[in-house]
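Dear colleague,

I am handing over the structure below, and I would be grateful if you could look through it with the notes that follow. They go through helix packing, the nonpolar cores and a few individual residues in turn.

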Amino acid sequence: MISLAWLQFKYSWKIWIFSLPVFMTCAFVINICLTNFFNFSNSSLINDDMSSNTQLFFIPIVFGGIMVPIVLKNTVKEILNGLRKQNNLQIILGMTPEYLAILSGIELSIASILGAIGGSIIATPFAQTFYNFLVSAQGTQQFPVLTIRFSFQSFFITLLLITIVTLYSGYTRSRRTFYKIQKNIENINIKNRDKFYYLKVIFMLVLNIFIMTYFLSLLPERIGISSFGAQSVLLIFLEIIAISLLINVCGKIILLFFSRIFNMIANRFRLSLLNLATYSINEHFDTFKKVYIPITIISIFVSGFSSLLIDLPDGGDAGTRTSNMVVFLSAPILIALANTICMMMLLQEKETFEIKQLFILGLRPLDIFLKKEFEILIYSFTTLLISLTCNFVLSLMFV
């Protein structure tokens, strides 16, 4: 089975290689954190008071991990779309979805191993830079001056962790996809709908409303000032996560709603290229979920956590606040950036095919350019409104 997965990986390496930016970025973040942790923990300069600071090395891994399921889901789904003809043929020839899912998991883990090795090598010099930043921001009383050296422990843990996560994610996601393909082939059906989609939307809406309602019901006179502060910060943190999950679930509905509005404007003023852009968005709305929703979530992370870390009165001095901002937000931002690069590379072939079709239909290069600009306008407008609405909710909680 492993040899077959390796042969398939070599045959389709041009598609699998596009996933490397995501795995390299994840390995980059994990290896930097673990390298600093092992060097810091094993140093003779560390006393009992300083040892509590090791938690800062794990915060980027935890907060970066919030973005990993979304990013891996998009990556696996787009790779399987690129291999759709090959997978359909294998299922028609009698391969079971379970067997194909295992093969896909192994192929994805091969790509992740290559990315993890590359990311760990790149991370080695940056580990010292990250530690020097913590020293300059929080002082030598918290982080003594150290020379950060390459850690084989962090390298193997990074490699093992990324391989296990990608193997499991690749298997579970592709297994679900292959069963859908098999069912569609058997029923001669090409529709692919999520039966529980609206149930997910309702659940996420109820969750956000519940958190907001409970938050507004808190009274410092009843539970005490210290307890009120702790519960408020915890609820704001939970709302940031919940609202990000809501966007991930409801992004398609919101995009199609604004696309419909722009379609009405195009019909009213007879803007044919804008009309064409709205139809293209309705056909390929997954692009918004794969590229723009992670960016929207990151904007909420930045505004929400910056308020938590900077605006609260007990956040420490300026250096501590700055270092906390970097520690909390650097990993999600890097992973979202890697997701954008990965998706752009994977969607390149689809975009090229669409442009060729438009040329065949007689559109000029300027028309195609304007059509793509209208698409970007609708995507960006939707992203902006979602970000402003969610940031308003979080700002209201802080006020």
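**Helix packing**

Helix H3 (residues 20-41) and helix H5 (residues 59-82) have axes that come within 11 Å and cross at roughly 165°, in what is, please keep in mind throughout, a predicted model. Since angles over 145 degrees count as roughly antiparallel, H3 and H5 are therefore roughly antiparallel to each other, and their crossing is left-handed. On the H3 side the contact is made by Val 22, Phe 23, Cys 26, Val 29, Ile 30, Cys 33 and Leu 34, while H5 brings Pro 60, Ile 61, Val 68, Val 71, Leu 72 and Thr 75. Sorted by class, the contact of H3 with H5 comprises 12 nonpolar residues and one polar residue, with no charged residues.

The second pair to look at is helix H1 (residues 2-11) with helix H7 (residues 97-138), whose axes come within 9 Å and cross at roughly 65°. Here the crossing of H1 past H7 is right-handed. From H1, the residues Ile 2, Leu 4, Ala 5, Trp 6, Gln 8 and Phe 9 take part, and they meet Tyr 99, Leu 103, Ile 106, Glu 107, Ile 110, Ala 111 and Leu 114 of H7. By class, the contact of H1 with H7 has 11 nonpolar residues, one polar and one charged.

**Nonpolar cores**

The largest nonpolar core holds 94 residues, and within that core Phe 40, Phe 57, Tyr 131 and Phe 143 touch the most other members. Helix H7 gives the most to this core, with 14 residues. If neighbours within four places in sequence are left aside, Tyr 131 is in contact with Asn 36, Phe 40, Phe 57, Phe 143, Pro 144, Leu 146 and Ile 148. Another core lies apart from the largest one and consists of six residues, among them Tyr 197, Val 201, Met 204 and Val 249.

**Individual residues**

Leaving aside neighbours within four places in sequence, Arg 173 is in contact with Lys 73, Val 76 and Lys 77. Ser 174, also found in helix H8, counts as buried at 0% relative accessibility. Not counting residues up to four places away in sequence, Ser 174 touches Val 76, Leu 80, Ala 101 and Ser 104.

Ser 323 is found in helix H14 (residues 318-346) and is buried, with a relative accessible area of 0%. The residues touched by Ser 323, again not counting those up to four places away in sequence, are Phe 133, Leu 134, Ala 137 and Gln 138. Of these, Leu 134 is 189 residues from Ser 323 in sequence, whereas the C-alpha to C-alpha separation is 6.4 Å.

Finally, Arg 270 lies in the loop between helix H11 (225-269) and helix H12 (272-283). Most residues other than glycine have a negative phi, whereas phi of Arg 270 has a positive value, near 55°. At 78% relative accessibility Arg 270 counts as exposed, because that term applies over 50%.

With best regards

Methods: Residues are numbered from 1 along each chain as its sequence is written. This is a predicted model: local features need pLDDT of at least 70, side-chain atom pairs count only at pLDDT 80 or more; totals for chains, interfaces and linings use all residues. Side-chain values use heavy atoms; hydrogens and water are left out. Contact means heavy atoms within 4.5 Å. Axes are lines fitted to C-alpha atoms, for helices over the stretch in contact, and angles run from 0 to 180 degrees between N-to-C directions. Helices (H or I, at least four residues) and strands (E, at least two) are DSSP runs, numbered from the N terminus. Angles under 35 degrees count as roughly parallel, over 145 as roughly antiparallel, 65 to 115 as roughly perpendicular and the rest as oblique. A crossing is left-handed if the near helix is turned anticlockwise from the far one by less than a right angle, and right-handed if clockwise. Ala, Val, Leu, Ile, Met, Phe, Trp, Tyr, Cys and Pro count as nonpolar, Asp, Glu, Lys and Arg as charged, and the others, Gly among them, as polar. A nonpolar core is a set of buried Ala, Val, Leu, Ile, Met, Phe, Trp, Tyr and Cys residues joined through side-chain atoms within 4.5 Å. Buried means under 20% relative accessible area, exposed over 50%, partly exposed in between (1.4 Å probe, protein chains only).
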